[in-house]
Amino acid sequence: MRSITSFLVVALMLFNVISVQCMNEQKMLDLVNIERKKAGISPITLNSDLCSVAQDHSDFMSKNNDLTHDDPAGSLGQRFTQHGYRFSCAGENIAEGFSDEVSVMKG
């Protein structure tokens, strides 16, 4: 089975929180906040509940060798709810094959 370096960002813009599962969570968060500052948007912070959601989904993708938004645990919203997180708006971005956080941000 090939190794998937998964990157998952779950951003809840209403609450200004982010969950990141990648090589270095803090570095990714710092890079995201640099771009948000350039755009005149307030910074976001890590949230441990959302990190758990991201880690579970990353584990699922790695186990199944599949980069996907689909998960038998349910939709993104259902996964949040299962972890006890309340939200009103959510999004998910996943990427594979980047060497580091900077390359992820450059796309």
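**A close look at Arg79 and its partner**

Modeller: Arg79 is buried, for its relative accessible area is 4%; buried means under 20%, exposed means over 50%, and partly exposed lies in between, using a 1.4 Å probe and protein chains only. This is a predicted model, in which local features need pLDDT of at least 70 and side-chain atom pairs count only at pLDDT 80 or more, while totals for chains, interfaces and linings use all residues. Residues are numbered from 1 along each chain as its sequence is written, and side-chain values use heavy atoms, leaving out hydrogens and water.

The partner of Arg79 is Glu92: the two form a salt bridge, with their closest N and O atoms 3.3 Å apart. Because Glu92 belongs to strand β4 (residues 91-95) and Arg79 to helix α3 (residues 76-82), the pair ties together parts that are 13 residues apart in sequence. The term salt bridge requires a side-chain nitrogen of Lys or Arg within 4 Å of a carboxyl oxygen of Asp or Glu. Helices (H or I, at least four residues) and strands (E, at least two) are DSSP runs, numbered from the N terminus. Glu92 is buried as well, at 14% relative accessible area.

By this rule there are two salt bridges. One of them joins the side chains of Lys38 and Glu35, at 3.1 Å from N to O. These residues, Lys38 and Glu35, stand three residues apart in helix α1 (residues 25-38), so about one helical turn separates them. Lys38 is exposed, at 63% relative accessible area, whereas Glu35 is partly exposed, at 37%.

The setting of these pairs is a chain with four helices and four strands, arranged along the sequence as β-β-α-β-α-α-β-α. Of its 107 residues, 40% are buried. Among contacts in the chain with a separation of 6 or more, 63% are between residues 24 or more positions apart, where contact means heavy atoms within 4.5 Å. The accessible surface of the chain is about 6100 Å², and carbon and sulfur atoms account for 51% of that area; such areas come from the Shrake-Rupley method with a 1.4 Å probe, and for residues only the protein chains shown count as cover.
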